[in-house]
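Welcome, and please have your viewer ready. We will go from stop to stop, selecting a few residues each time and looking at what lies around them.

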Amino acid sequence: QWSIQDHLSAMKVVKRGFRRAGVWGNVLVKAAHQDRKKEVLRERLQQLRSSRGDPDGQDDGLKNVVTSAMHLRGTREDHKRSENDQAIGGMRNPRVSVQKIPGHITLGKEIARIIDEFLLSHPALKQIILGNIGVAKSASVPIPLDLLSCARRLVAEHLGVELSTDPGLTELCAPLFKGWQDMAGDPDWPLISWLFEGAPAGIHRQPQSVGIFPPSVVPPTQEFDLMYATGESDFNYLSFEDSPHTAEVLEELVRNKYVIKCRGLHEARAYLRGEHPVMTKGALITKTKDGVTNHRLILDCRVSGANSATHKWERIVFPKVWDVVRDTMRLKRIAATSNNNEQITYFVCDVADAFYKVPLAFDERSFFVLAFKGSYYIWTRVGQGSLNGPTIFGRLAAFLGRMSQGLVDGNKAA
């Protein structure tokens, strides 16, 4: 028979083979099993590090991807990522986009030299630009128009274009875009034609894909019938009708030539050359941030039937937070190996009234009309709420991304 001392000695021997585990430390597991688990986890972590490789090749290093052991036909995510890689892009990773069209890099260096020389000869302008960075819109100093015109003429001369050919459909200088696209060999010539003639909304006119974004062809859903104007029951949502800011917002759009104001349905039809306007309800979103009040007018193109009559043709590729992280690591690594300053400065470039910078083709305008207090407002620019609005502006934003990346060294800015 065992004595109490024999039992205590045996328990001490058994305890040496176990360790406390669990959140509260109230679970005993075999020490050998726990050691093996740590070893397996260590090996798995090393495998993940090896498989990830260069951060530049990762689609999203901040996202934990759950994978299966084998997919004989691939996955939907693999196909989507492959399409994103094949697309030229420019909104996301413009540094990679210009490598696909190296003409942007060559031309960008030439234009950058012209701009640098112009700024050196006009130091006051340089101070205005630097002083406007980070300040409120109301406190910014406008750039003198004569200096802006002079700089445009210098760039136009290098691009071999005439500024007088600008149709004036938008604030963007269309001839400069055309000259850049020609000299850089950029394939997005349809975007340039939109600046001269107006962009298609995908209803009467269909835009052309040239590989900027992945294809995503979706026919009209026909979910809603088109709501044509009657002259009597043309109204909006309460947030629009009852807001004290509605008239002010509409008049500002008219002043900026984003919309045309017609005094009645008859005048609206005359402007549209006999086309009957499709009524779109408006909603007004008002937000106040840091003491600044902003109003955003949204067109409900879904209920009006305009979106239901629209063909979708591309899938826009947006930037990710990971892009900022990856580019920061890459630039810091390059600076460290080159013994340069490793300080990183971040800038945000905001395009004011972004969608309104793209003109809308005339024969698409009848689908984007709003009525308010007897007047009819016809959109002459791409409006927020249209199905293809984000993609149309995305094409412009991607081109701007390729242009601006061409102006700077990809090893110093991205």
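Which helices do the buried residues of α5 pack against? To find out, select α5, residues 103-121. Keep in mind that you are looking at a predicted model.

**Stop 1: helix α5**

This helix has 19 residues and spans 28 Å from its first C-alpha to its last, close to the 27 Å expected at 1.5 Å a residue. Now colour H104, L107, G108, I111, A112, I114 and F118, which are buried in α5. These residues lie on the same side of α5, because they cover an arc of only 165° around the axis. Turn to the other side of α5 and you will find K109 and L120, both exposed.

Next, show the partners of that buried set: α4 (94-100), α6 (123-132), α7 (145-159), α8 (174-184) and α14 (389-407). That answers the opening question: the buried residues of α5 pack against these five elements.

**Stop 2**

For one of the bridge pairs, pick A371 and its partner in β9, Y376.

**Stop 2: the nonpolar cores**

Show the side chains of F177, L250, L253, L297, F368, L370 and W379. Within the largest nonpolar core, which has 53 residues, these touch the most other members. Helix α14 supplies the largest share of this core, 6 residues.

Centre the view on L253: beyond its neighbours within four places in sequence, L253 is in contact with Y258, V259, L297, Y356 and W379. A second, separate core holds 10 residues, including A229, C262, L265 and Y376.

**Last stop: the whole chain**

Of its 414 residues, 37% count as buried. Among contacts with a separation of 6 or more, 71% are between residues 24 or more positions apart.

Definitions and conventions
Residues numbered from 1 in each chain as written. Predicted model: local features only at pLDDT ≥ 70, side-chain atom pairs only at ≥ 80, totals over all residues. Heavy atoms only, no water. Pairing = 2+ DSSP bridges. Helix = DSSP H or I, 4+ residues; strand = E, 2+ residues; numbered from the N terminus. Expected span 1.5 Å × (residues − 1). Buried < 20%, exposed > 50% of the residue type's maximum accessible area, 1.4 Å probe, protein only. Arc of directions from axis to C-beta. Contact = heavy atoms within 4.5 Å. Core = buried A, V, L, I, M, F, W, Y, C linked by side-chain atoms within 4.5 Å.
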